[in-house]
Amino acid sequence: EVCNTVSVPVIASGGAGGMEHFVQLFKKVPEVSAGLAASIFHFGEVKICDLKQKLNENGITVRLL
């Protein structure tokens with residue numbers, strides 16, 4: 001609803017526990033501009049390069065470099 005209401009980029013923030021949560025986010029809400037997480041990266045649970053590859057494999061546009 002937020003994406004359809006505002007005319008600015010929307011960033012979904014928090015709650016991601018793994019890579020699949022990002023895939024689900026971008027598939028369920030393709031209008032969202034970005035997904036944000038911190039702990040899973042800081043504590044080494046997910047590597048950013050691995051997440052980008054996973055998103056790319058699932059047809060979600062992402063910069064790989």
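Predicted model: local features only at pLDDT ≥ 70, side-chain atom pairs only at ≥ 80, totals over all residues.
In soluble globular proteins, nonpolar side chains tend to be buried together. The largest nonpolar core in this model comprises 11 residues: Val10, Phe22, Val23, Phe26, Val32, Ala37, Ile40, Val46, Leu51, Leu55 and Ile60. Two elements, α2 (19–28) and α4 (48–57), each give two or more residues to this core. The greatest contribution comes from α2, with 3 residues.

Ile60 is one of the core residues. Leaving aside residues up to four places away in sequence, isoleucine 60 touches Val23, Phe26, Lys27 and Leu55.

## Largest pocket

The largest pocket holds about 240 Å³ of space. Its lining consists of 13 residues, and those nearest the centre of the pocket are Phe26, Gly35, Leu51, Leu55 and Val62. Among these, Phe26, Leu51 and Leu55 also belong to the largest nonpolar core.

At least two lining residues are supplied by each of α2, β2 (34–36) and α4. The element that gives the most to the lining is α4, with 4 residues. Classified by type, the lining has 9 nonpolar, 3 polar and 1 charged residues.

## Serine 13

Serine 13 is located in strand β1, which covers residues 11–13. Its relative accessible area is 54%; because the cut-off for an exposed residue is over 50%, serine 13 counts as exposed.

Serine 13 and alanine 37 are 24 residues apart along the chain, and their C-alpha atoms are separated by 6.2 Å. Ala37 is itself a member of the largest nonpolar core.

Key:
Residues numbered from 1 in each chain as written. Heavy atoms only, no water. Buried < 20%, exposed > 50% of the residue type's maximum accessible area, 1.4 Å probe, protein only. Core = buried A, V, L, I, M, F, W, Y, C linked by side-chain atoms within 4.5 Å. Contact = heavy atoms within 4.5 Å. 1 Å grid on protein atoms, 1.4 Å probe; cavity = no way out; pocket = protein on both sides within 12 Å on 5 of 7 lines; lining within 4 Å. Points joined across faces, edges and corners; volume = space filled by probe spheres on them. Nonpolar A, V, L, I, M, F, W, Y, C, P; charged D, E, K, R; others polar.
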